[in-house]
Amino acid sequence: MAEYIRARSDQQKAERLTQVKAALDRQFATRPFHEITLTTLADELGWSRTNLYKYVTTKEEVFLAVFADKRDAYTDALTAALPAGCGFDNVTIANVWAGIATAHRDYFRYGDLLYSVIETNVSYEKLKEFKRGYYEKLAPFSDQMAGVLGIAPERVEAFANTVYHHGVGLAGSCMNNPLVARAVDELGVSVEPIDFQVEIRDFVAMLLAWYQGK
C-alpha cells in the first residue's frame with residue numbers, strides 16, 4: 001500500500017473517500033457487518049485511524065455512501081434498460097428487471113442493513129444528503145417508468161420499493177448464513193436453494209398484473 005498522503009483539494013478528498021468505500025465493499029463481500037470496523041478499513045488502506053477520521057466518522061457513514069452508489073447504479077441501469085417508449089410487454093419487463101436486479105444483487109444485500117443499522121448511526125447531515133439523492137432521481141425515474149410499466153407516475157415509487165423490499169428479503173435470507181445452513185442440514189431439513197433472478201422475475205410479473213389491474 002502506498003504511503004498515505006493527506007488530501008488537500010476537494011478532488012483529492014473525493015478520491016480518498018472512493019478508496020475508503022472500495023475497501024469497505026471488498027470487506028463486506030467476505031465479512032459480516034460486525035467484523036468490519038474503522039480499524040479494519042484503515043489497516044487495509046495502510047492508513048492510521050486518525051487519517052481515516054479526516055474523511056469519515058463511523059463505519060455506518062461509509063456503508064451509507066456505498067449504498068447510495070449502488071442505489072444510483074441500479075436505478076441508472078433500470079432507466080437505461082427500460083427506456084421510454086420501448087413498448088415492452090410484461091414478460092419482457094419482468095425479465096429485464098430481474099436481470100438488472102441480479103446484476104446489482106449487492107444493492108439488496110446492503111439494503112438488509114439500511115433501516116435498522118445504517119440510517120440510525122449516521123449524522124443528520126449525511127442522512128439528509130442521502131435522502132436528497134434518492135428524491136432527486138425519483139421524479140424522472142417515476143415519469144419514465146410510468147409509461148413503461150403502464151401505471152400512474154405517483155405509483156411507481158411504491159412499485160419499485162415493493163420489488164426492492166422483496167429483493168432485500170431474498171438477498172438477506174437467513175439461509176445465506178453458513179451457520180444457519182449447517183444447522184438446518186444437521187436437522188435433516190431439505191431447503192430448496194433460492195434462485196434470486198427467477199424469484200424477482202416472477203414477483204415483478206405478479207406486481208405488474210396487480211398494479212395495472214387497479
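Predicted model: local features only at pLDDT ≥ 70, side-chain atom pairs only at ≥ 80, totals over all residues.
Residues are numbered from 1 along each chain as its sequence is written, and side-chain values use heavy atoms, leaving out hydrogens and water.

Start by selecting residues 10–28, helix α1, and residues 38–45, helix α2; their axes come within 10 Å and cross at roughly 110 degrees. Helices here are DSSP runs (H or I, at least four residues), and axes are lines fitted to C-alpha atoms over the stretch in contact, with angles from 0 to 180 degrees between N-to-C directions. α1 and α2 are therefore roughly perpendicular (65 to 115 degrees).

Now show side chains at the contact (heavy atoms within 4.5 Å): Gln19, Val20, Ala23, Leu24, Arg26 and Gln27 from α1 meet Thr40, Leu41, Glu44 and Leu45 from α2.

Next, pick Phe28: the charged end of Arg109 sits over its ring, 4.0 Å from the centre. Hop to Phe33, where Lys59 lies over the ring face at 3.8 Å from the ring centre. (To count, NZ of Lys or CZ of Arg must be within 6 Å of the ring centre and within 35 degrees of the ring normal.)

Then select Phe67, Tyr74, Tyr107, Phe108, Phe130, Tyr164 and Phe196, a cluster linked by ring pairs (Phe, Tyr or six-membered Trp ring centres within 6.5 Å; planes under 30 degrees apart are stacked, over 60 edge-to-face, the rest tilted). The count comes to 18 aromatic pairs. Finish on Tyr134 and Tyr135, an edge-to-face pair at 4.8 Å centre to centre, with 80 degrees between the planes.

Definitions and conventions
Helix = DSSP H or I, 4+ residues; strand = E, 2+ residues; numbered from the N terminus. Parallel < 35°, antiparallel > 145°, perpendicular 65-115°, else oblique.
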